[in-house]
Amino acid sequence: LRTWLCLGLLATLARAADPAAYPAGLRWIWYPEGQPARSAPVGVRYFRAAVDVPAAFEAAQLVLDADDSCTPTVNGKRLPEKHNGWMAFKTYDVSRLQRPGRNVLAVEVDNGASAAGLVGWLAVRIGKERRILAVTDRSWKSATAAPSGWAQPGFNDSAWAAALELGAVDIPPWSSKLAYARIPMMALTQRADGPVTAGQARELV
């Protein structure tokens, strides 16, 4: 109970009214269609980004939020869905899925009504340093449909559209109710140098 109370307090303190709680350059993104921060078609959109991870990393976390729900994949390993709306970020411990060198993040986002967006970042721990390696911005690729294998590292996304930047994390309609409870990176699992099974990936939160 004490743990849940502490997490609730952190979430309250780190609302989007305090942009300093978030990485520099972080943006809500969507597929380039109309004005997604106001209204977007109901349906699924797909996003990809390649990230270079330093060889010295010890742990990693992927932090995501989406309007309305999303399911991330890291280096081809599908993680649990983030659902229950956009009012709070979800943090995934991806230490065992990252590898030194090129890594690929893929996110499937489902918009149920009205506004739509995806926001998040990848951070790693190197010793006592927390380093942000990627944030959602126009460098991400996006698509309205995804063929088999779209989330795999070797997929060719050169024909995909650049993501549309909607604005900083604290823009309407999300600013007034958005909350982020930061999880210390020292609490994460350690990196794994061997393969991770699909079952192990589904257990990550």
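A residue counts as buried when its relative accessible area is under 20%. Keep that cut-off in mind for the views below, which show a predicted model.

View 1. Let's start with the overall layout: the protein chain holds two helices and 12 strands. Read from the N terminus, the elements follow the order α-β-β-β-β-β-β-β-β-β-β-β-β-α. Of its 205 residues, 46% are buried. Among contacts with a separation of 6 or more, 79% link residues 24 or more positions apart. The exposed surface comes to about 9,700 Å², with 56% supplied by carbon and sulfur atoms.

**View 2. An open sheet of six strands.** Across the sheet, the strands are ordered β5-β4-β7-β2-β10-β11, and their pairing is antiparallel. β5 (77–78) and β11 (161–162) are the edge strands; each has a single partner strand, so one side of each lacks a neighbour in the sheet.

**View 3. Strands β2 and β7, side by side.** Here you can follow β2 (residues 43–53) and β7 (residues 101–111) as they run antiparallel, joined by 11 bridges.

**View 4. Val 63 and its surroundings.** Val 63 belongs to strand β3 (residues 59–67). Its relative accessibility is 0%, so Val 63 counts as buried. Leaving aside residues up to four places away in sequence, Val 63 touches Phe 89, Lys 90, Thr 91, Val 119, Gly 120, Trp 121 and Tyr 180. Arg 182 is 119 residues from Val 63 along the chain, yet their C-alpha atoms are separated by 9.3 Å.

Terms used
Residues numbered from 1 in each chain as written. Predicted model: local features only at pLDDT ≥ 70, side-chain atom pairs only at ≥ 80, totals over all residues. Heavy atoms only, no water. Pairing = 2+ DSSP bridges. Helix = DSSP H or I, 4+ residues; strand = E, 2+ residues; numbered from the N terminus. Buried < 20%, exposed > 50% of the residue type's maximum accessible area, 1.4 Å probe, protein only. Contact = heavy atoms within 4.5 Å. Areas by Shrake-Rupley, 256 points an atom, 1.4 Å probe, with all protein chains shown as cover.
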